[in-house]
Amino acid sequence: MRIALAATCIADAMFPQAPRAVVTLLERLGHEVVFPPGQACCGQMHVNTGYLADAVPVVRNHVRTFAPVADGEWDAVVVPSGSCTGSIRHQQRMVLERAGLDAEARTASAVAGRTYELSELLVDVLGVTDVGAWFPHRVTYHPTCHSLRMLGVGDRPERLLRAVDDLELVPLEQAEGCCGFGGTFSLKNADTSAAMLQDKVGHVLDTGAEVLTAGDWSCLMHIGGGLTRTASGVRPMHLAEILVSTREAPVVPGAADGRQEVAR
Amino acid sequence: MSTFLGMPDAGAPATVSGVGRPDDPLHWGATFPDAARTALADEQLRRNLGNATSTIRAKRARVVGEVPDWEALRDAGSALKTDVMTRLPELLEELERNVTARGGVVHWARDAAEANRIVAGIVRAKETDEVVKVKSMATQEIGLNEALAEEGVAAVETDLAELIVQLADDMPSHILVPAIHRNRTEIRDIFLERMADAPPDLTDVPRELAMAARAHLRRKFLSAKVAVSGANFAVADTGTLAVVESEGNGRMCLTLPETLVTVMGIEKLVPTFDDLEVFLQLLPRSSTGERMNPYTSLWTGVTPGDGPQEFHLVLLDNGRTKVLADEAGRSALHCIRCSACLNVCPVYERVGGHAYGSVYPGPIGAILTPQLTGEKSDLPYASTLCGACYQVCPVKIDIPSILVELRAREVELSGAAPDTADRVWQAAMKAASYAMADGGRFRRAARLPRALRAIARHGVIRRLPFPGSLWTRSRDLPEPPRQTFHDWWAARERRAGTRQEGER
Ligand code: SF4
């Protein structure tokens, strides 16, 4: 398959190890990955903060960049984020329609119809749960709110994790509870957000896991930012970063978090 | 009497006096973020709320899980309410006709003041200075008790938790369990200090507290000439009103006094009697986590020789037609006040009801209150959009989507008259919009965080100046990477290009 990658703005700028892992993983599974360089952001932050007019140019750019998937130039678009996939699927059309851009709204729908969150792409579209990964660590999984309730990814991520060799998956208490990130909520209602974070961090620590994983770096950034304050050493890692790990090319949790790596 | 949630476990005694009765029951107190901060600092409150909401959540999940056609029921509830909203004027007139035909008197109230005037007029005509009340959100919304007090009439709340709130000069903090913020030690103290006939040796054992309230209320039920209630449902095609409750106090109020006055929001209608079938399944399971509520009272007009011989129905608008006119927000009127969305809300669970500064707290309050008042509000932002409310709502109100709509409205309102914070947000959003509307611009902007590597220690940034401090006050920021994904990909392409050329 020819699969276009929407890296998401936050991972692109702050957590490039996740989209890099998606590229390596999909290529390992025999697919071709394209990265349309015109991409920037899906517009979720603007929409969810209520800035619909400012969201319009952002959404238009996303739709324009990924329109070729609607014409069959690529088979699918993959997004390593549940909330960005949710925004693409449930908000972009509305934003364009309200701006009176009906033709683009239709294109947005067509693009959204072929856009998948990573675990959806792997399990539903590519039909794999065992991606041949090896990750000998104790891992707990936080099902982010938008993956869980907006997309309904269900247990797909856990099925993928359970198929990873030597991975020990430990259940997270009150896993379905929100971590308190909520985008700009974390700034506008910082105290409430912190109270929610505190509970989530507590549950993560209770698992004794080495690694906390999720399908969304935004939530991971939030929980991870709380975890480092506890000096516990639990490492946040995107699902893709675990699935890309193999015996031949193991990913070691916290090994510079891939943050130092530079390609030339 | 049911005391399952009204009385959290014993804890450190707090002050008896509540937050006081505000002038506007839909808008009082500090801003949401400030009120939330105060509430979060109250450890006892957080424990009370955490215990109560997790108990009720588990109960709800259990009884909902055993209904095989729950999703179909939700769809039916949602469809019925949608139908009611599209035909509201004709259904209301049908209700009026049927109530009148059965001997009731129907009044129409545009707003809170008019509704209060109507009720006060009825009570005055009965020459009494005391009325008993069934728990009702509509009368909380219009501040009826305070309005009656000004006329020299004492309105006695007969729901246990509502009585606790009233005695303490407090506001409800939950739709269903108004005293959820109180523990039983506090309740004992409130009774001892504020209920003249409370036994002096009263302990904080729930049963004793319930018995004390019961003795106190029994005298009121027997002497009151007028009762005031709300309504859970009104059936248009029969003129029947319905109240569901757990304690039996409602049944007393609805049957003993000579005169009954029901104040009902105009959205509480169902078209036919059969439609109650759907809601009487959805409501108890969603609200108290019971298969069936202990008391379901239905009455139609006046029945000679049985129950109240005079019945008044006050149909309350108070902003509802404004909500109805709004296509995006209208489904907030579908709400059957079950409170399931409060119990699952991670924000409500931590800050409690008073932080919302409205008699309608929690997710439903965050979408209903600003629509009813039409004022600028920070409530639409009091949510992470986690979607838990939508998932449990028995009538499938898409609360997260309405919150986003209302945020857009807030942005429009603040665009017209921005304060300093608004200006900062506007500028930030404009700048972000510019940077994120083009791949090339974004690629350059995405490199900016790299500058923060200079202040990172051990892979994290602990402290940033304002506004970054809003983040770093309670979490670290990871050290930004050396290379963005855009740049990594471009380098990879270059490499591949060079390789191909070399091979040629
Ligand atoms: S919005 Fe839905 S869940 Fe919340 S109180 Fe109303 S009916 Fe219940």
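A residue is taken to surround the ligand if one of its heavy atoms lies within 4 Å of it. In this predicted model, the residues that meet this criterion belong to chain B: B:C335, B:I336, B:R337, B:C338, B:S339, B:C341, B:I364, B:C393, B:P394, B:V395, B:I397 and B:I399. By residue class, the shell around the ligand comprises ten nonpolar residues, one polar residue and one charged residue.

The UniProt record, an unreviewed entry, assigns the domain "LUD" to residues 92-315 of chain B. Residues 417-493 of chain B are 47% helix and 5% strand, with 49 Å between the end C-alpha atoms.

In chain A, the UniProt annotation "Cysteine-rich" (unreviewed entry) covers two stretches, residues 6-88 and residues 139-223. Residues 6-88 of chain A are 55% helix and 8% strand, and the end C-alpha atoms of this stretch lie 11 Å apart.

The interface between the two chains was then considered. Contact involves 63 residues of chain B and 70 residues of chain A. Together, chain B and chain A bury about 6,000 Å², of which 60% is on carbon and sulfur atoms. Between chain B and chain A, 28 residue pairs are in polar contact, with both residues at pLDDT 80 or more. The side of chain B that touches chain A is made up of 34 nonpolar, twelve polar and 17 charged residues.

Salt bridges were counted over the whole structure and across the interface. Over all chains the structure holds 45 salt bridges, and the count between chain B and chain A is seven. One salt bridge joins the side chains of B:K430 and A:D54, with an N to O distance of 2.8 Å. This pair crosses between chains, linking helix α19 (residues 420-435) of chain B, which holds B:K430, to helix α4 (residues 52-66) of chain A, which holds A:D54. Another salt bridge is formed by A:D191 and B:R473, whose closest N and O atoms are 3.7 Å apart.

Definitions and conventions:
Residues are numbered from 1 along each chain as its sequence is written. Chains are lettered from A and ligands numbered from 1 in the order in which they are written. Side-chain values use heavy atoms; hydrogens and water are left out. UniProt positions are given in the numbering used here, feature names are shortened, and annotations may be inferred rather than shown by experiment. Contact means heavy atoms within 4.5 Å. Buried area is the accessible area (1.4 Å probe) that two parts lose on being put together, summed over both. A salt bridge is a side-chain nitrogen of Lys or Arg within 4 Å of a carboxyl oxygen of Asp or Glu. A polar contact is a pair of N or O atoms within 3.5 Å; within protein, one must be able to donate a hydrogen and the other to accept it, and residues adjacent in sequence count only if both atoms are side-chain atoms. Ala, Val, Leu, Ile, Met, Phe, Trp, Tyr, Cys and Pro count as nonpolar, Asp, Glu, Lys and Arg as charged, and the others, Gly among them, as polar. Helices (H or I, at least four residues) and strands (E, at least two) are DSSP runs, numbered from the N terminus.
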